[in-house]
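Colleague: I am new to this one. Please show me the structure, and then I will ask how to read its features.

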Amino acid sequence: MTKTFTQNDLVQYLYNELPRRQRLQLEQALMVDQELAESCTDLLLAQLSLDNAFRQPSDKVTNAIISYSKTVSLHP
Amino acid sequence: MNIVQLSDSALVTSYIAGNESAFEELVNRHKSKVFTTILLIVKDTYTAEDLLQETFVKAIHTMKSGRYNEEGKFSSWICRIAHNLAIDYFRREKRSPMITLEDGSNVFNTLSFSEESVESIRIKEETHARLRELIQLLPPAQKEVLIMRHYADMSFQEIAEATGVSINTALGRMRYALINLRKKMSNDIAAYDKNLYSE
């Protein structure tokens, strides 16, 4: 019997949180269910675009953090 | 083994044993994720840099005093510290701070491909800035889950616990956030095309 997948299952799948067995079943379903595949593509494109919002802190701040660590000597 | 090939867990162990290079690698590996998580909440580059330092200072003290609990992922742990600090800051301010996202930034700071033309860098940076604006326009509950999952690397279970909702609600909010974002981006493209062809 073919398992029915929800939109929430797709979100879990995109973030690698679906258990292995369910992930494999979903991948099978994506091959035959056009509507599910389209929903998955839409969510995937939005997810991929989010990576463009990543920003880097300045080198000055990064170096300050690394330098600070060298001055700290705490012991358990 | 080269330090860049080590897992986060191995780096933490090495750092606690006194290897500062391991910490440097951890910082370089996660600074963007932590910084972006904070920035999307406080919306101010300078404040975000202050809170980034505060986040790592807390992490340094926790690890060097032997209080680091090796249960979850390092990235989730550090992002959770960052998220809590950013939320605390936001609540203290009691208002949405002025957006200085682009004013306080150095374009070369965000790009690793300096051989691109100035024009393509500008267009890319404008697009990315627009994306950050669109994220800000999402309903608060959706924006919160999106930041926690995509940038702070928290699992949906962790998000559900942190926000006091069921995992299905957290998943639903993430789904709507992605759908809304995609719609807003499509509308942007449609508006751009309309302007372009009406000239």
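Colleague: Which hand does the crossing of α2(B) and α4(B) have?

Modeller: The crossing of α2(B) and α4(B) is right-handed. A crossing is left-handed if the near helix is turned anticlockwise from the far one by less than a right angle, and right-handed if clockwise. Helices here are DSSP runs (H or I, at least four residues), strands are runs of E (at least two), and both are numbered from the N terminus. This is a predicted model: local features need pLDDT of at least 70, side-chain atom pairs count only at pLDDT 80 or more, and totals for chains, interfaces and linings use all residues. Residues are numbered from 1 along each chain as its sequence is written, while chains are lettered from A and ligands numbered from 1 in the order in which they are written.

Colleague: How do α2(B) and α4(B) cross, and at roughly what angle?

Modeller: Two packed helices are described by the angle between their axes and the distance between the axes. Here helix α2 (residues 20–42) and helix α4 (residues 74–93) of chain B have axes that come within 9 Å and cross at roughly 30°. Axes are lines fitted to C-alpha atoms, for helices over the stretch in contact, and angles run from 0 to 180 degrees between N-to-C directions. That crossing makes α2(B) roughly parallel to α4(B). Angles under 35 degrees count as roughly parallel, over 145 as roughly antiparallel, 65 to 115 as roughly perpendicular and the rest as oblique.

Colleague: Which residues of α2(B) and α4(B) meet?

Modeller: Two residues are in contact if their C-beta atoms, placed from the backbone, lie within 7 Å. On the α2(B) side they include B:Leu26, B:His30 and B:Val34. On the α4(B) side they include B:Phe74, B:Ile78 and B:Phe90. By class, this contact of α2(B) with α4(B) has 13 nonpolar, 4 polar and 1 charged residues. Ala, Val, Leu, Ile, Met, Phe, Trp, Tyr, Cys and Pro count as nonpolar, Asp, Glu, Lys and Arg as charged, and the others, Gly among them, as polar.

Colleague: How is α2(B) placed against α3(B)?

Modeller: The axes of α2(B) and helix α3 (residues 45–64) of chain B come within 9 Å and cross at roughly 130°. The two helices are therefore oblique to each other. α2(B) passes α3(B) in a right-handed crossing. Among the residues that meet are B:Phe35 and B:Leu39 in α2(B), with B:Leu51 and B:Phe56 in α3(B). The contact of α2(B) with α3(B) has 10 nonpolar, 3 polar and no charged residues.

Colleague: What lies in the loop between α2 and α3 of chain B?

Modeller: B:Lys43 lies there. Its phi is positive, about 60°, although B:Lys43 is not a glycine. With 20 C-beta neighbours inside 10 Å, B:Lys43 counts as buried. A residue is buried if 20 or more other C-beta atoms lie within 10 Å of its own, exposed if 12 or fewer, and partly exposed in between; C-beta atoms are placed from the backbone.

Colleague: Where is B:Asp153 found?

Modeller: B:Asp153 is in the loop between α7 (140–151) and α8 of chain B. Its phi is near 60°, a positive value in a residue other than glycine. B:Asp153 is buried, with 21 other C-beta atoms within 10 Å.

Colleague: Which residues of helix α8 of chain B are buried?

Modeller: An α-helix has 3.6 residues a turn, so residues three or four places apart point the same way. In helix α8 (residues 156–163) of chain B, the buried residues are B:Phe156, B:Glu158 and B:Ile159. They cover an arc of only 155° around the axis, which puts them on the same side of α8(B). The arc is that of the directions from the helix axis to the C-beta atoms. After α8(B) comes B:Gly164, with a positive phi near 70°.

Colleague: How many helices and strands does chain B have?

Modeller: Chain B has 9 helices and 0 strands. Buried residues make up 33% of its 199 residues.

Colleague: How many residues of chain A are in contact with chain B?

Modeller: 31 residues of chain A are in contact with 40 residues of chain B. On the side of chain A that touches chain B, α4(A) gives the most, with 8 residues. That side divides into 17 nonpolar, 10 polar and 4 charged residues.
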